[in-house]
Amino acid sequence: MVLATVRYILSERARTHWRSRYGVIVACPCRLWARNQLKITRLKTAVVEGNFDWTFVRIETDEGIQGLGECFFAPGLTSILRSLEPLLMGEDPRDVHRLFRKLQLATSGAGSVAGIIYNAISGIEAAVWDVFGQSLGVPIYRLLGGKFRDQVRIYADCHGGEALESLDEVLRSRPPSWIRQKARHRRKDYYAPTEGEPPASPKAYRARALAMKAQGYSALKFDLDVPGTEGFDAHNRCLSNRAIDHMVNLIGAVRDAVGNEIDLAADCHWRYSASDVIKVAHALEPFRLLWLEDPVPPESVEALRAVASRVKVPIATGENLFLFEGFREILETHAVGVATPDLQKVGGLSIARQIAEFADGQTIPIAPHNISSPIGTLTSAQFCAAIPNFLLLEFHASEVPFWNDLVEGIPQPIIQKGRICLPDKPGLGVRLNEKVARKYARKGEPFFE
Ligand code: MG
């Protein structure tokens, strides 16, 4: 009992606890007690069924500090995360860059330069930043060099104007408990042809845009690759004039509804040929888009450059790319006008910062892709605050009823008037509400066990 009490008094958990209540009065003496070592003791995972599989990784330490990160969903992801645990045991989580390199080298055969290994590493890296910040009593953005802004501007992804879907790890529609019965199973899978009347209509786009504007968002994004825009053949990437006209009607309805003061982006999800998406960009010019996203498949830099060099709208891409090397060529050749790395996938905060700094040198802004729970979203917000060339951060879950409830320790709702006020608490600055997370946990997956 005595030993346990002494151990608690000397622990990081106690220092963080008392520092948060009595500030520097106890912070300074506590620091004298600080150990030179902090060790990782466990890595645990949990998956929550949001509109995607929100995959969490928790890093635990011998001092009682726990860090939380989120990974972009992928088949078999929690198995990969657990395979990486032995590499982290006993390591100091504050050696963020060294641990990244260790994980990267250990998975170089399986992951090499890209792939879902980096989804796992991104979540782990975010979790150790969280531990690091808590151990020093400072927010993550301080560790990244400080902040350029107190608030992070958010854009609402409005999908195809329809009711929200929930997709599993291979993009099949599924019926989680929180989706109303009548909205379920519109499509068998994301890429399947539509049966019956296409749900995407100018009227639906207009209504969705007005609803999100009323919530205070000053930037919106809509999908262009919606049912009714497949052209004559669903597989050849080509578009008919009728399909292009439908896109113009959809975006035109939104612009007409919200006016020119709202920023408006459009997403193609890498579906089209360069020659035909150039026609789309020209047809959409009157609507003054903020960006046109992923017009062509992400693996072809030449196709991307061909589009970017022949249209007036800025081209955005990046959510499929990994590491700095994945971005270098498109940035230095200006094949992209807005870079959209996904921080739950790209390799982590340090990699994203490297990308942002290089992009800044090319005068290219950063608008991170984000389909996360509040954990991943707030991790991204810490990054967005710490880079000069931040443009917008995505929010993809406005219809998930428990999105805000998943975290504690931050004013609710998390997004107010289209912005996130950055928490000033140590590390990530919020705690996961495990009661809520457990309620919506994916069956068959461990829940921090
Ligand atoms: Mg996209």
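# Reading contacts, sheets and a metal site

Tutor: In this predicted model, a polar contact of 3.3 Å links the side chain of Thr45 with the side chain of Arg82.

Student: Is Thr45 buried or exposed?

Tutor: The cut-off for buried is a relative accessible area under 20%. Thr45 has 2% relative accessibility, so Thr45 counts as buried.

Student: Which residues does Thr45 touch, leaving out those up to four places away in sequence?

Tutor: The list is Phe56, Thr78, Leu81, Arg82, Pro446, Phe447, Phe448 and Glu449.

Student: In which strand is Thr45 found?

Tutor: Thr45 belongs to strand β1. That strand is part of an open sheet of 3 strands in the order β1-β2-β3, with antiparallel pairing. The edge strands, each pairing on one side only, are β1 (40-49) and β3 (66-71). On average, neighbouring strands in this sheet are turned by 20° against each other, direction ignored.

Student: How many bridges join β1 to β2?

Tutor: There are 9 bridges between β1 and strand β2 (residues 53-61), and the two run antiparallel. To follow one of the pairings, take Lys44: its bridge partner in β2 is Arg58.

Student: Which helix lies across β1, β2 and β3?

Tutor: Helix α4 (residues 77-88) does, and it runs at about 170° to β1.

Student: Now the metal site. Which residues coordinate the magnesium ion?

Tutor: The ion is coordinated by Asp267 (OD), Glu293 (OE) and Glu319 (OE), at 2.0 to 2.2 Å. Along the chain these donors follow the spacing D-x25-E-x25-E. Asp267 lies in strand β6 (residues 263-267) and Glu293 in strand β7 (residues 291-293), so this pair ties together parts that are 26 residues apart in sequence. Both Asp267 and Glu293 are buried.

Student: Which residues is Thr340 in contact with, leaving aside its neighbours within four places in sequence?

Tutor: Its contacts are Ala316, Thr317, Gly318, Glu319, Phe327, Ala367, Pro368 and His369. Of these, Glu319 also coordinates the magnesium ion. Thr340 itself is placed in the loop between β9 (338-339) and α13 (349-361). With a relative accessible area of 2%, Thr340 is buried.

Student: Why is α14 largely enclosed by the rest of the structure?

Tutor: The general idea is to consider which way the residues of a helix point. An α-helix has 3.6 residues a turn, so residues three or four places apart point the same way. In α14, 12 of the 12 residues are buried, so the helix is largely enclosed by the rest of the structure. Its buried residues include Pro374, Ile375, Gln382 and Phe383.

Student: What does α14 reach from its first C-alpha to its last?

Tutor: Helix α14 (residues 374-385) reaches 16 Å with its 12 residues, close to the 16 Å expected at 1.5 Å a residue. At its start, a side-chain oxygen of Ser373 comes to within 3.0 Å of the backbone nitrogen of Ile375.

Student: How many helices and strands does the protein chain come to?

Tutor: The chain has 15 helices and 14 strands. Of its 449 residues, 57% count as buried. Among contacts between residues at least 6 apart in sequence, 71% join residues at least 24 apart.

Conventions: Residues are numbered from 1 along each chain as its sequence is written. This is a predicted model: local features need pLDDT of at least 70, side-chain atom pairs count only at pLDDT 80 or more; totals for chains, interfaces and linings use all residues. Side-chain values use heavy atoms; hydrogens and water are left out. Helices (H or I, at least four residues) and strands (E, at least two) are DSSP runs, numbered from the N terminus. The expected span of a helix is 1.5 Å times one less than its number of residues. Buried means under 20% relative accessible area, exposed over 50%, partly exposed in between (1.4 Å probe, protein chains only). A polar contact is a pair of N or O atoms within 3.5 Å; within protein, one must be able to donate a hydrogen and the other to accept it, and residues adjacent in sequence count only if both atoms are side-chain atoms. Donors are N, O and S atoms within 2.8 Å of the metal (3.2 Å for Na, K and Ca); water is not among the atoms, so sites may look incomplete. Two strands pair if DSSP finds at least two bridges between them. Axes are lines fitted to C-alpha atoms, for helices over the stretch in contact, and angles run from 0 to 180 degrees between N-to-C directions. Contact means heavy atoms within 4.5 Å.
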